[in-house]
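The sequence and structure are shown first.

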Amino acid sequence: MAVKDFIRERFFPHIWCAGCGHGIVLNSLLRAVESLGMSKNEIVMVSGIGCSSRISGYLDFHTLHTIHGRALAFATGVKLSRPELNLIVPMGDGDALAIGGNHFIHAARRNIDITAIVMNNRIYGMTGGQFSPLSGCGIMATTAPYATVDQGFDVVELSRAAGATFVARSTTYHVQQLTKLLREAILHEGFSVVEVLTQCPTYFGRRNKQGGAVEMMNWFKDHTTPVGSKAKAENPDLIERGIFVQKDLPEYCKAYDQVIERAQKGK
Amino acid sequence: MKSNVKFVQGNEACVEGAIYAGLKFFAGYPITPSTEIAEALSARLPQVGGKFIQMEDEIASMCAIIGASLTGHKVMTATSGPGFSLKQEALGYAVMAEIPCVVVNVQRGGPSTGNPTHVAQGDVMQARWGTHGDHAIVAMTASNHQDVFAVTVEAFNIAETYRTPVVLLFDEVVGHMREKLVIPAPGEIPLVERLHTSVPGGVDYHPYLPREDGRLPMSDFGGVHRYNVTGLFHDMWGFPSDNPGVVHGLLRHLVDKIENNTYQMARYKEFCLEDADTVLVSYGSSARSALHVVRNRRARGERLGLLELQTLWPFPAAIVREKCARARSVVVVEMNTGQIMREVKAAVSDPERVFLANRIDGTLITPTDIRNILRLIQGRGV
């Protein structure tokens, strides 16, 4: 199946700004899905609210565009009630880790078989450029005219600590790697997280004098390195890319089948 | 004793009603005084091949049941005041996206943490207007366990028929009180199952295009029709739209499908109304005290009657008007500051003859409380 067969052309053009990285994530995701040869009927995409969350409407899967921060909670209901479906949940950084932070850590703790994609552009784009829990310190935003004093989360460390059994990171510059990671994440049985550093030239780039989309993507090239590389040892400020966690633990829906078995034995 | 006769709490009667109706998925979070519903379902659902999940919070519970409903299952969550507040945004999503689901609120005293282990009926208006924006909602209640069971089954039937969330507005006394429950035989109460589309795969399916009878057949997630579900105003494909015609049409549809069927959804019971010159209007555990007063006063020759409402929303104004038409006075008996009284005043031709007998201190309103109000109305002093 060609990549374009996954798209609802009726609903284009999309709402994203010129230079936005979300389209690259979409491209990468569709190539990953295509390479897996999955049927469109087996895939449910659940999203919340924000620029990134509009991704679901453009795709020819079962799509559930929900409320701000709660996509993983909706997805948990879909998955547990029909475990044979594949759940993909694209979220923005504010959606996933500010308002949705509680659902994020608990979905990870349960190890329910859902693929969470955190499209991290370090800003609330749809509302016009407010700082997010992933902006980090010293960032200019419409709600931080004197620069942020808030520390940011590290998505990888947070996911690992919360119990996610697959955790990876890449960027919109490293699109081949991103496709491979998304493929691995979807194949993984358990809660998988892929953080994608993506550019918002309209709000983050402009306010923080990072240039346009090209300059921002070059920044991803220059400031990231493969996980465990020598470069990281020499320059701790580099952001690592690749797979950080990949382990087998009981998946939630499978574990619940044992509950059903025990309950029915007692009957 | 026959196995279908039980001595249970009201919360358990609700659980039995839900299982009877075909509940297959419950998501919840512990909260007094509704916790027994989650506890009982954690045991009962896996026995019938269903799923129970304890979520991380009240919001997540509401969201999870909406997700599960889309895969074709009958779903429910249960909570009390603070949790009901937290669920409101997702409840509105279920209204907008037209997702069948049942939300139980076993009322306790509020506002805020209030009086968790005591009775109140202060969430009547929250059930009506708790979520933001213009909308319609269905809310039902009951005063005894046999009715809790029946109303719970009815809530699932209405949710499926009209593709809507239905709120079950019980209260702490009904939830925790123990009394007899007779479980009806299968088929004794008719069940409404999910209406699935007959459109075959490969043909364009419109999830939000009503049939001639107004109903919207659904297609399960995972089935042959892939479509979009959103909380934004949307067209017949479920795709976002801010076209004024689409927005107006959808909002009218959401309100009309409930309000235009007020009579079909109206459940109520009446006691001695034929010749009553004083009509008590009540619901939930308050109606138990009201009924006691009616029986007691009738024995003394007073012409007292009771209209017990089981459907609170959409408010059955025409029925209330008709039942109260011949009464010299109407006394609304409830445990709040007059939330249903205002609706009754708006329904009857002469609001001046509507009075309130209430109690708002966390204890059950007593027959004496009601009798004292009756004496005041009759000019006899307390």
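## Basis for the salt bridges

A salt bridge is counted here when a side-chain nitrogen of Lys or Arg lies within 4 Å of a carboxyl oxygen of Asp or Glu. The model is predicted. In this model, B:Glu12 forms a salt bridge with B:Arg178, with 3.5 Å between the closest N and O atoms. B:Glu12 belongs to helix 1 (residues 10–21) of chain B and B:Arg178 to strand 8 (residues 178–182), so the pair ties together parts that are 166 residues apart in sequence. B:Glu12 is partly exposed, at 25% relative accessibility, and B:Arg178 is also partly exposed, at 46%.

## The interface of chains A and B

Contacts between the chains involve 42 residues of chain B and 40 residues of chain A. The area buried between them is about 3500 Å², and carbon and sulfur atoms give 60% of this area. B:Lys51, B:Glu56 and B:Arg226 supply 20% of the area that chain B buries against chain A, more than any other three residues.

Across this interface there are 21 residue pairs in polar contact. Elements giving two or more residues to the side of chain B that touches chain A include helix 2 (35–47), helix 4 (81–97) and strand 9 (228–230) of chain B. Helix 3 of chain B gives the most, with 7 residues.

## Strand pairing and charges between chains

Strand 2 (residues 62–65) of chain A runs parallel to strand 9 of chain B, and 3 bridges join the two. Within this pairing, B:Thr230 is the bridge partner of A:His65.

The interface also holds 3 salt bridges. One joins B:Asp204 to A:Arg10, with the closest N and O atoms 3.2 Å apart. A network of salt bridges links A:Arg8, A:Lys40, A:Asp60 and B:Arg226.

## Salt bridges within the chains

Over all chains, the whole structure has 33 salt bridges. In the pair A:Asp60 and A:Lys40, the closest N and O atoms are 2.7 Å apart. A:Asp60 lies in the loop between strand 1 (43–47) and strand 2 of chain A, and A:Lys40 in the loop between helix 1 (22–36) and strand 1, so the pair ties together parts that are 20 residues apart in sequence. A:Asp60 is buried at 15% relative accessibility, and A:Lys40 is buried at 11%.

In chain B, the side chains of B:Asp369 and B:Arg359 meet in a salt bridge of 2.9 Å, N to O. B:Asp369 is buried, at 18% relative accessibility, whereas B:Arg359 is partly exposed, at 26%.

Technical notes:
Residues are numbered from 1 along each chain as its sequence is written. Chains are lettered from A and ligands numbered from 1 in the order in which they are written. This is a predicted model: local features need pLDDT of at least 70, side-chain atom pairs count only at pLDDT 80 or more; totals for chains, interfaces and linings use all residues. Side-chain values use heavy atoms; hydrogens and water are left out. Contact means heavy atoms within 4.5 Å. Buried area is the accessible area (1.4 Å probe) that two parts lose on being put together, summed over both. A polar contact is a pair of N or O atoms within 3.5 Å; within protein, one must be able to donate a hydrogen and the other to accept it, and residues adjacent in sequence count only if both atoms are side-chain atoms. Helices (H or I, at least four residues) and strands (E, at least two) are DSSP runs, numbered from the N terminus. Two strands pair if DSSP finds at least two bridges between them. Buried means under 20% relative accessible area, exposed over 50%, partly exposed in between (1.4 Å probe, protein chains only).
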